[in-house]
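Please examine the sequence and the three-dimensional structure shown below. A briefing follows for a reader who is new to protein structure.

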2 protein chains.
Amino acid sequence: MDAETFRRNGHALVDWIAEYLNHPEHYPVLSRNRPGEVRDALPDKPPERGVAFEEIFRDFERVIVPGITHWNHPGFFGYFAISGSAPGILAEFLTAALNVQAMLWRTSPSATELEEVTLGWLRQLLGLPDSFEAVIYDTASIASLHALAAARHHVVPNVRLQGLSGPGNVGPLRVYASEHAHSSIDKALITLGLGQESLCKIPVDSEFRMLPDALRDAIRSDRDNGVTPVAIVATVGTTSTTSVDPVVSISEISVNEGIWLHVDAAYAGAAALVPDTRYVLEGCAHADSLVVNPHKWLFTPFDLSAFYCRHMDVVRAAFSLTPDYLDTPEAGQVKNLMDTGVQLGRRFRALKLWAVIRYFGSDGLRERIAEHMRLAQIFSKWVDESSYFERAAPVPLSVVCFRAHGSDNDSTTDDLNMRLLTRVNSSGEVFLSHTRLNGRYTIRLAIGHVRTTEAHVRRAWELLNEARREIGE
Amino acid sequence: MDAETFRRNGHALVDWIAEYLNHPEHYPVLSRNRPGEVRDALPDKPPERGVAFEEIFRDFERVIVPGITHWNHPGFFGYFAISGSAPGILAEFLTAALNVQAMLWRTSPSATELEEVTLGWLRQLLGLPDSFEAVIYDTASIASLHALAAARHHVVPNVRLQGLSGPGNVGPLRVYASEHAHSSIDKALITLGLGQESLCKIPVDSEFRMLPDALRDAIRSDRDNGVTPVAIVATVGTTSTTSVDPVVSISEISVNEGIWLHVDAAYAGAAALVPDTRYVLEGCAHADSLVVNPHKWLFTPFDLSAFYCRHMDVVRAAFSLTPDYLDTPEAGQVKNLMDTGVQLGRRFRALKLWAVIRYFGSDGLRERIAEHMRLAQIFSKWVDESSYFERAAPVPLSVVCFRAHGSDNDSTTDDLNMRLLTRVNSSGEVFLSHTRLNGRYTIRLAIGHVRTTEAHVRRAWELLNEARREIGE
């Protein structure tokens with residue numbers, strides 16, 4: 001593509017994206033596509049001849065956009081609401097253009113060093129001590145996988161060479177997490193060859209927080225039965241309710257028992273930027289590792305997961321491996337980030353986090369996160385004052401769990417809430433998702449988009465009430 | 001950021017990128033930064049106040065760009081040369097703007113369905129049968145990890161629940177790969193709890209291809225000793241020399257022995273688009289899984305790794321796990337791509353592959369790949385005719401391994417070649433990397449950038465000869 005053609009198409013994209021980010025309400029939040037609609041609209045054979053980018057872009061608008069669920073819509077309240085903020089999007093454009101591999105220092109010194117600098121900034125914003133070294137992974141799933149791999153290496157040092165099934169087999173291993181921990185912990189244990197049954201799910205209190213006494217008992221009972229503890233996973237901001245496990249007590253247990261403590265703060269770590277909710281990371285200075293996702297609540301386009309570890313030497317002992325073709329003269333003087341990962345190839349992700357932190361400033365980030373929590377409190381108050389709805393969990397951060405009152409029958413009430421959610425989401429103005437709490441279907445409103453305002457939250461509330469009235473009893 | 005500011009900054013970026021892609025020779029290929037230069041140029045504390053994007057961009061040019069090694073420079077001949085082609089870069093810009101999560105069908109139907117369509121196109125281009133189902137991962141490291149996890153699940157079905165160290169311990173397990181297989185295979189085995197010693201490295205012939213007889217013998221001997229084979233990994237395009245393992249013979253062994261065959265065609269799979277080198281994937285129709293990286297030799301910005309599998313049901317059996325908060329009404333009617341992966345979060349990567357295939361067309365892709373192989377043959381001929389240099393391996397594809405003749409002493413010759421490489425790379429006009437073959441230091445010239453022409457390859461040759469003359473004997 002010559003420079004002129006690139007400019008023409010690039011400028012057209014800039015204009016389209018500017019319009020898109022400013023008026024996402026032109027689109028329904030949740031795609032209205034039927035299964036197969038995109039697939040059926042496209043040829044099933046690859047094209048022989050190339051076409052102009054203009055034609056590709058026309059098909060993007062015609063076929064792809066209707067099949068998009070708009071995560072950048074301020075009425076997106078599903079899962080954890082995220083934002084690809086403008087500075088992050090622009091930085092991603094540069095990252096794609098540079099197309100560097102951040103595996104070795106020499107394959108782009110800026111990629112390695114900017115990662116160190118920006119993760120240092122983020123560490124300070126989170127209030128973590130400088131004993132934490134850091135690295136960027138794609139997702140929290142991969143960050144937690146590395147944390148648990150390091151913990152496994154710590155307990156079974158010959159695992160790297162001999163694995164778990166060989167002659168050095170040490171018998172059953174155990175990892176502890178609350179019953180509200182994220183599914184990525186289960187998947188990490190499957191991957192690592194520990195198996196799902198190695199996960200001991202610790203019960204929670206009435207506010208969905210891990211019970212430290214139950215954790216202590218589980219560890220004792222395991223030790224008595226010849227089971228070796230590998231790690232404890234505490235969750236700061238569970239996916240269903242954003243409950244915060246009591247990390248201070250949990251970290252005491254981890255220190256006393258000598259068990260690796262990994263903190264999954266993928267979503268809620270960002271709340272530590274705000275003075276009122278700085279407490280969410282209390283106790284985490286004693287954790288062995290911690291993950292927080294700037295692509296969740298720090299306005300950074302997906303994917304960028306920040307992993308902090310007080311024993312990165314263990315991660316390196318578990319994974320570093322330099323084949324001849326990746327040996328460099330400066331090895332020893334520099335960090336080669338491939339040493340801290342399963343993945344050799346690494347995008348230059350630090351650039352977008354750097355752009356986001358600089359563009360908003362700590363103040364700007366803090367303000368926006370605080371505002372999201374204020375909006376969640378407002379919504380929560382509306383729920384509490386309503387005769388139609390009830391709150392299903394505390395609201396410590398920016399997610400509200402609630403449900404419509406129904407009859408006494410649980411399954412009828414579940415059904416009512418499902419219908420409510422379907423109806424509200426079909427409006428195209430908002431999108432909310434659900435969970436189950438104590439077995440009961442529960443609607444979730446998650447606030448996290450940088451452009452979400454009180455008006456959007458109010459509109460969600462209106463739509464819910466309208467839908468509740470229309471559905472009747 | 002308001003629309004006007006986004007437009008202004010976006011347009012400036014488009015102009016910068018257009019200029020960059022057209023004149024990368026304004027920059028040295030390999031960054032000349034000293035270790036710490038970028039880090040020292042940036043504040044070690046996060047900014048309190050935000051700044052305009054213009055200021056961030058100025059610092060990008062001032063601090064970041066000098067620390068970039070230019071993978072998009074047509075004189076980049078290191079590792080495997082890759083390209084972020086213009087249509088791919090533009091598509092990445094849209095992906096960043098949409099910022100969708102492709103974990104569930106409903107979180108953007110287009111992301112899931114376009115992935116199916118484009119991987120179907122690529123499958124046809126590779127000449128693979130439609131018994132292969134496909135999914136996009138970030139890297140081949142992760143694709144091979146999933147392949148080996150599926151193979152492990154196949155052999156030890158209770159591994160998902162009980163792991164490898166529990167009561168169901170089946171004793172030592174083994175994976176077979178050539179001694180030239182990629183380090184990602186070692187890392188996958190570490191991760192999966194099989195351990196590095198579970199990797200049996202099969203010797204190669206004089207052209208660095210796995211010896212099928214040695215594979216057969218290793219399997220027999222292991223079975224006799226109570227070791228359970230899990231998988232065979234064949235490499236189509238090894239990293240050092242791009243040698244192609246004899247997959248036809250290897251797949252016969254895999255079928256006869258009932259052992260999962262995974263093919264790592266991360267780099268060389270693309271050569272199957274060209275009639276003359278279609279043979280590289282011969283026998284792969286019988287493989288159980290295969291990975292090819294469009295971000296390597298198919299002009300797609302990093303990262304995008306295409307994983308093909310004839311038993312995706314096993315991958316799903318190993319990994320699918322749906323927590324309440326990710327349950328959707330349409331489950332069962334649609335594919336949810338989170339079911340085939342360790343990672344829950346997934347970028348909308350298919351968009352860039354779709355744009356690249358449509359923009360170039362199969363013809364355009366084929367032509368460019370063929371041209372790279374033609375250039376490698378030209379360079380190889382120069383080496384063969386030279387009195388200064390000798391070829392160190394056959395040149396089946398687009399990489400040439402060679403070294404300068406030295407004295408009889410191996411270490412002196414190694415040293416000469418190291419100095420040569422350093423000198424050539426310091427020119428700023430080209431960047432080549434190295435490997436070791438049979439213990440001897442070997443220079444590699446890897447051709448793969450979409451803008452690399454005969455002139456760039458010729459310039460590399462001139463620089464090598466100049467350096468050789470200057471260094472003397």
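Predicted model: local features only at pLDDT ≥ 70, side-chain atom pairs only at ≥ 80, totals over all residues.

Residues are numbered from 1 along each chain as its sequence is written, chains are lettered from A and ligands numbered from 1 in the order in which they are written, and side-chain values use heavy atoms, with hydrogens and water left out.

**Interface between chain A and chain B**

- In chain B, 154 residues are in contact with 154 residues of chain A, where contact means heavy atoms within 4.5 Å.
- The size of an interface is often given as the accessible area lost when the parts come together.
- Chain B and chain A bury about 13900 Å² between them, and 62% of this area is on carbon and sulfur atoms; buried area is the accessible area (1.4 Å probe) that two parts lose on being put together, summed over both.
- On the side of chain B, the residues that lose the most area to chain A are B:Lys187, B:Tyr325 and B:Arg358, together 6% of what that side buries.
- Between chain B and chain A there are 14 salt bridges, a salt bridge being a side-chain nitrogen of Lys or Arg within 4 Å of a carboxyl oxygen of Asp or Glu.
- One of the salt bridges joins the side chains of B:Asp15 and A:Arg7 (3.6 Å, N to O).
- Helix 1 (residues 3-22) of chain B supplies the largest share of the side of chain B that touches chain A, namely 16 residues. Helices (H or I, at least four residues) and strands (E, at least two) are DSSP runs, numbered from the N terminus.
- That side of chain B divides into 76 nonpolar, 44 polar and 34 charged residues. Ala, Val, Leu, Ile, Met, Phe, Trp, Tyr, Cys and Pro count as nonpolar, Asp, Glu, Lys and Arg as charged, and the others, Gly among them, as polar.

**A sheet in chain B**

- Seven strands of chain B form an open sheet with mixed pairing, in the order 2-8-7-6-5-3-4; two strands pair if DSSP finds at least two bridges between them.
- Strand 2 (133-137) and strand 4 (199-202) of chain B are the edge strands, each pairing on one side only.
- Strand 2 and strand 8 (residues 305-309) of chain B run antiparallel and are joined by five bridges; B:Ala134 has B:Tyr308 in strand 8 as its bridge partner.
- Helix 12 (residues 312-319) of chain B packs on the sheet, touching strand 2, strand 6 (260-264) and strand 8, and its direction makes about 50° with that of strand 2. Axes are lines fitted to C-alpha atoms, for helices over the stretch in contact, and angles run from 0 to 180 degrees between N-to-C directions.

**A sheet in chain A**

- Five strands of chain A form an open sheet in the order 1-11-12-10-9, with mixed pairing.
- Its edge strands are strand 1 (76-77) and strand 9 (389-391) of chain A.
- Strand 11 (residues 431-437) and strand 12 (residues 440-446) of chain A run antiparallel, joined by five bridges, and A:Thr435 has A:Thr442 as its bridge partner.
- Helix 13 (residues 350-385) of chain A lies across strand 9, strand 10 (399-404) and strand 12, at about 20° to strand 10.

**A salt bridge within chain A**

- Over all chains, the structure holds 80 salt bridges.
- A:Arg310 and A:Asp288 meet through their side chains in a salt bridge (3.9 Å, N to O); the two residues are 22 residues apart.

**Backbone features**

- The peptide bond from A:Phe302 to A:Asp303 is cis, with omega near 10°.
- The peptide bond from B:Phe302 to B:Asp303 is cis, with omega near 5°.
- A:Thr242 is not a glycine, although its phi is positive, at about 60°.
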